[in-house]
Structure formats: C-alpha cells, structure tokens
Amino acid sequence: MPLRIAILECDTPLTKTRTKYGGYGGVFTSLLNAGAQSIGLHKKELCISTWDVVDKQEYPSLEDVDAVLMTGSRHSSFDDIPWINRLVEFTQQVLAQDRVRIIGVCFGHQIVGRAMGVKVGRSDRGWEASVYEVDLTAKGKELFGKDKLVINQMHKDIVFTYPPEVEPLGSSPRCEVQGMLIPKRVITIQGHPEFNAEIVTELLETRHKQGIFDDKTYEDAMRRVGRDQDGVLVSGVFLKFLLDRW
C-alpha cells in the first residue's frame, strides 16, 4: 500500500514558482519524489494529496492518510485569525492520536510548536534568508548523518523554546529551535528543504522590491543563494521517519 501523505498548503507561491509547480503542493511533491529516489523508494510508493487550508480551509480525514505535511507560509504562525487557529486545532487533533504522523516545515514547524503550547513569534535577531548552516545536536547528527545541515531559510519568526516532549535537532545563532523530533509521531524543521536557488531568488528579489529586505540583507542573501544545500537529504530523512527506516 502506498504511503499516503497529505500536503497542507499554507500559502501560494510567487508567479514563476506557481507557473512551474502549480502550488507548494507541487514543490513538495517534487522534493518528496527526489527524496524517495535518494533512499531507493519508487515515487509510485507515495500517494500525495494537496489541501488548501488557507482559502478553502479543507482538511483530509485522518483515516485516509498516513502523514500530514504542513508547508511554509508568508503568514505569521502566531496570528489570531480563523484559518491559522483552525490549523492549530487540526494539528492538536493529529497530536492527540498516534498513527498519523506530522511533518512541519518553517511555518509548519512553528504551528507544531504553537500547538504544543510553546511561544512562537518574531525574532529580534533578524532574518535568516537563503542558505545557512544549522548546528546539529547528537540526535540531528544521527538522523542526517553529518555535523552541520546546510539548508535554505526564509524566516524571521521562530519557535522560542523546545516543547518538553520533543528531541531537539539543531540550532543556529539566530534561531535556537531549528528542528524537533518525537519518534514515530513528529518531525519538523525551520528551514526550507523544498526551496532551490530559483525559488529563493524570486522570493529575495520580490521582497527586496517590496522593501521587506533592505539592501544589506538582500545582497548578503544573494551571495549564498546558489550554494549546495541538503534539501534532498532532508526529504529522504522525512520519508525514513514515516517508514521507520532509521
């Protein structure tokens, strides 16, 4: 039976990315297929569905899926607005059972933190944008097979502290909570394994034009945008987590 993964789309990509992939569901499908290939799994062994949790506020039935993956978003995970509150409630429902597993990426990582009752909010340490290194914990090194994870970032919001029930996976100077694990239940990461240089460049250029990034932040991020990064490795780890192939 295929591994049934429901991608909860928490945002809509910018124009070039949307044209190429259709939506963040398409971006993550591409990543998961590459991750599957990297661990010797055929993409036919994945059954991926996408759900618009922003405009349509649609969700899968837990009986019909094996995992939910929450994407990143330009929205703030700590906002008190209906669709985000509904997403937090749904995440708590998934956490309350022990069969369907959770993958959280960036905004999704923060939603998991919020659902577990820890503070999420705006960091006073500034943006992480483009490729950064993450210092891995002992558990992170075990999972990813290296000392530092190199991954795209695009955030100023953070999870401030680790929930007591999770195992920390990594940290960086600007963000102490870079990943969380509850074996057989939850894995999250603050970075963006699904992003490539093309996607990040479009985001950086757009946010620079909008005035979200000042010249210094933009130029610094653009210098690192083409660096090799570990997105496919992370995708493979996500799938190993779902399949208990540690």
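Biologist: How many nonpolar, polar and charged residues does the lining of the largest cavity have?

Modeller: First, the terms. A cavity is a set of points on a 1 Å grid over the protein atoms alone where a 1.4 Å probe fits but cannot get out, and lining residues have an atom within 4 Å of a point. Ala, Val, Leu, Ile, Met, Phe, Trp, Tyr, Cys and Pro count as nonpolar, Asp, Glu, Lys and Arg as charged, and the others, Gly among them, as polar. Here the lining of the largest cavity has eight nonpolar, four polar and no charged residues. Note that this is a predicted model, in which local features need pLDDT of at least 70 and side-chain atom pairs count only at pLDDT 80 or more, while totals for chains, interfaces and linings use all residues. Residues are numbered from 1 along each chain as its sequence is written, and side-chain values use heavy atoms, with hydrogens and water left out.

Biologist: What is the volume of the largest cavity, and which element gives the most to its lining?

Modeller: A volume is the space filled by probe spheres set on the grid points, which are joined across faces, edges and corners. For the largest cavity that is about 60 Å³. A search of the whole structure finds one cavity of 30 Å³ or more. Strands (E, at least two residues) and helices (H or I, at least four) are DSSP runs, numbered from the N terminus. Strand β11 (186–189) gives the most to the cavity lining, with three residues. The lining includes Val134, Phe144, Leu169, Gln178 and Ile189.

Biologist: Which strands does β9 pair with?

Modeller: Two strands pair if DSSP finds at least two bridges between them. Strand β9 (residues 167–172) runs antiparallel to β6 (residues 128–136), joined by two bridges. Asp135 stands opposite Ser171 in β9. Four bridges join β9 to β10 (residues 175–182), also antiparallel, and a hairpin of two residues links β9 to β10. Ser172 stands opposite Cys175 in β10. Both β9 and β10 also supply at least two residues each of the cavity lining.

Biologist: How is a pocket read, and what lines the largest pocket?

Modeller: A pocket is an open set of grid points with protein on both sides within 12 Å along at least five of seven lines. The largest pocket has a volume of about 490 Å³. Its lining has 27 residues, of which Asp11, Ser73, Arg74, His75 and Arg207 lie nearest the centre. By class, the pocket lining has 10 nonpolar, 10 polar and seven charged residues. Helix α6 gives the most to the lining of this pocket, with three residues.

Biologist: Which residues of α6 are buried?

Modeller: An α-helix has 3.6 residues a turn, so residues three or four places apart point the same way. Buried means under 20% relative accessible area, exposed over 50%, and partly exposed in between (1.4 Å probe, protein chains only). In α6, the buried residues are Ile199, Val200, Thr201, Glu202, Leu203, Leu204 and Arg207. These buried residues pack against α1 (15–21), α2 (24–38), β6, β7 and α7 (215–224), where contact means heavy atoms within 4.5 Å.

Biologist: Why does Asp52 count as buried?

Modeller: Asp52 counts as buried because its relative accessibility is 18%. Asp52 lies in strand β2 (residues 46–52). Not counting residues up to four places away in sequence, Asp52 touches Glu9, Gln57 and Glu58. Gln57 has a positive phi of about 50 degrees although it is not a glycine. At 36% relative accessibility, Gln57 counts as partly exposed.
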